[in-house]
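Hello,

Here is the structure I promised to pass on. My notes follow below it.

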Amino acid sequence: MRVSVIGGGRVTDEEAATAEELGRELAERGHEVVCGGLGGVMAAACRGASEAGGHTIGILPTERRADANDYVDTAVATGMGNARNVLVVMNGDAVIAVDGGTGTLSELGHALDVDRPVAGIGTHRIDGVEGIDHVETAEAAVESVERRA
């Protein structure tokens with residue numbers, strides 16, 4: 001399965017460690033990681049997946065594949081800026097969010113619109129909106145989306 005990992009471009013050390021653990025967990029279970037291809041949660045998840053022998057796909061907001069973080073195996077340049085967020089979501093069979101700002105919030109909305117299973121670790125809680133399984137650990141997030149995909 002392909003899992004889109006979304007989250008902040010700037011993160012704390014703790015958030016980066018969580019995202020790296022998430023990437024590792026996904027790769028060890030045989031899943032591919034799809035992300036926005038840049039820094040923060042994206043780079044940490046890709047690093048974890050790469051170190052565990054997994055495959056990573058970065059869907060970049062820029063026109064240059066070379067802008068991808070060092071752990072992206074397959075870089076897709078879009079030149080679309082944040083409009084590429086929908087592509088990040090659509091190229092995963094499920095979505096896991098770690099932290100995140102407004103870009104992550106838009107991706108969560110897209111994921112819910114297209115009925116992707118969504119798990120979140122320390123991410124947005126949206127009053128009146130169901131569908132995000134808020135969990136505490138990377139392992140719980142992966143188990144959540146595996147169960148619902």
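G58 is in contact (heavy atoms within 4.5 Å) with C35, G37, V72, T74, A75 and V76, leaving aside neighbours within four places in sequence. G58 is found in strand β3, residues 56–60. Strands (E, at least two residues) and helices (H or I, at least four) are DSSP runs, numbered from the N terminus. G58 is buried, at 0% relative accessible area; buried means under 20%, with a 1.4 Å probe and protein chains only. L38 lies 20 residues from G58 in sequence, yet their C-alpha atoms are 7.6 Å apart.

This is a predicted model: local features need pLDDT of at least 70, side-chain atom pairs count only at pLDDT 80 or more, and totals for chains, interfaces and linings use all residues. Residues are numbered from 1 along each chain as its sequence is written, and side-chain values use heavy atoms, without hydrogens and water.

Next, helix α1. Buried residues in α1 include E15, T18, L22 and L26. Among the elements covering them are β1 (2–7), α2 (41–51) and α5 (138–148). Just after α1, G30 takes a positive phi of about 85 degrees.

Last, the cores. A nonpolar core is a set of buried Ala, Val, Leu, Ile, Met, Phe, Trp, Tyr and Cys residues joined through side-chain atoms within 4.5 Å. The largest has 22 residues; V5, L22, L26, I96 and A141 touch the most other members. α1 gives the most to this core, five residues.

Best wishes

Notes:
Buried < 20%, exposed > 50% of the residue type's maximum accessible area, 1.4 Å probe, protein only.
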